[in-house]
Amino acid sequence: MTRATARAHPNIALVKYWGKRDEAQMLPAAGSMSMTLDAFATTTTVEVDGTLTEDAFSLGGAEQTGVALDRTTRFLDVVRSLAGDGRRARVRSHNEAPTAAGLASSASGFAALALAAAAAYGLDLDERALSRLARRGSGSATRSVIPGYAVWHAGTDDASSYAEGIEAPDLRLVIVTVDGSPKSVSSRRAMRLTAATSPFYEAWVSSTEQSLTEMVRACADGDVPRIGALTESHALRMHAVIATSTPPVRYLAPRSIEVFDAAVRLREAGVTAWATADAGPNVCVLTTPAEAEAVAAAVAEHGEVRIVGPGPGAHLLAEHLPEP
Ligand code: PMV
């Protein structure tokens, strides 16, 4: 039996990924950019075991079946074909964030699984190859392999679609959990719907490439107000294009909008505060390290707040998760 354990963190996109050009290879329609967080890690142990006839997957101590197990098995199939090793595996995973609450636990989950499985199956992958592998599990996982700030190049095939680190100013995100329950429509399903039915989808894709180019420049220039403005407008564009699907999908709740409004008021008062939200109602407010406490205090009435900053990429641990 060979065993490996890895840890990875979720990321929050400042330029969002929404829509695929190739479902099988998980190639995105456009590039994206994110901050890998220093909180809410997933830790995953993979044990390759020749005596198993099927993979097993437990999450937070609960044995998984159905969709969750299928996704894990399909991902392990990719690893097995790369390694030329057909043995099954036992996967144990522990999330420090509520699963499916819009904090992209699929990103930390598949980044940790990619590294732990690659190591357990004896693959020696560099950062780019690991990012490509994580992509096969979940698009946003492509970026969680990378520490700090990452750009995911859309690419045109498996080899050219990966994330890499970029330099950016030290920033903080104030996460406002307005609702901790699982999201109503999975991002996978809603992305399909948007691409297939929104009359604005093509404009979304082309404007995302434009936003990404501008974001990379703003990061290189250390231009925080520009990074913030691009972050907020891109998030609003994503939620707008999602809302124009048929049937429409809406992730933002009234309380989420209140946080976006609070960010506007903070800016009017001279504070650095720009809002963004992924496929769920929780909102992150982008600010500077010096202003993070004041921003957190200002938005605390809208939900539970937590200040996070840039965190590490996926990495191996010497200690394994205990058997249940
Ligand atoms: O890869 P998924 O299924 O976790 O999709 C992520 C989609 C967003 O979080 C909304 C945007 C993003 O770029 O992370």
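Helix α1 (residues 66-83) and helix α2 have axes that come within 10 Å and cross at roughly 35°. The model is predicted. Its protein chain is assigned two domains, domain 1 (2-168) and domain 2 (172-308). The largest nonpolar core has 90 residues, and helix α2 (residues 105-120) gives the largest share of this core.

**The helix pair**

- Two packed helices are described by the angle between their axes and the distance between the axes.
- For α1 and α2, the crossing is right-handed.
- On the α1 side, F75, L76 and V79 make the contact.
- On the α2 side, the contact is made by F110, L113, A117 and A118.
- The residues of this contact of α1 with α2 divide into seven nonpolar, no polar and no charged.

**The nonpolar core**

- In soluble globular proteins, nonpolar side chains tend to be buried together.
- In the largest nonpolar core here, the residues with the most contacts inside it are A111, A114, L115, A117 and V285.
- Helix α2 supplies eleven residues of this core, the largest share.
- Both domains take part: the core draws at least three residues from each of domain 1 (2-168) and domain 2 (172-308).
- L115 touches A6, A8, L130, A314 and L316, leaving aside residues up to four places away in sequence.

**The two domains**

- The C-alpha centres of domain 1 and domain 2 are 23 Å apart.
- Across the boundary, 28 residues of domain 1 are in contact with 33 residues of domain 2.
- Three strands, β2 (11-15), β5 (32-36) and β10 (149-152), each supply at least two residues of the side of domain 1 that touches domain 2.
- Strand β2 gives the largest share of that side, four residues.
- The residues on that side of domain 1 divide into 20 nonpolar, four polar and four charged.

**A loop residue: A290**

- Where is A290 found? It sits in the loop between β14 (283-287) and α9 (292-299).
- Is A290 buried or exposed? A290 counts as exposed because it has 10 C-beta neighbours inside 10 Å, and a residue with 12 or fewer is classed that way.
- A290 and L171 are 119 residues apart along the chain, and their C-alpha atoms are separated by 9.3 Å.

Methods:
Residues are numbered from 1 along each chain as its sequence is written. This is a predicted model: local features need pLDDT of at least 70, side-chain atom pairs count only at pLDDT 80 or more; totals for chains, interfaces and linings use all residues. Domain bounds come from an automatic or database domain assignment. Two residues are in contact if their C-beta atoms, placed from the backbone, lie within 7 Å. Ala, Val, Leu, Ile, Met, Phe, Trp, Tyr, Cys and Pro count as nonpolar, Asp, Glu, Lys and Arg as charged, and the others, Gly among them, as polar. A nonpolar core is a set of buried Ala, Val, Leu, Ile, Met, Phe, Trp, Tyr and Cys residues joined through C-beta atoms within 7 Å. A residue is buried if 20 or more other C-beta atoms lie within 10 Å of its own, exposed if 12 or fewer, and partly exposed in between; C-beta atoms are placed from the backbone. Axes are lines fitted to C-alpha atoms, for helices over the stretch in contact, and angles run from 0 to 180 degrees between N-to-C directions. A crossing is left-handed if the near helix is turned anticlockwise from the far one by less than a right angle, and right-handed if clockwise.
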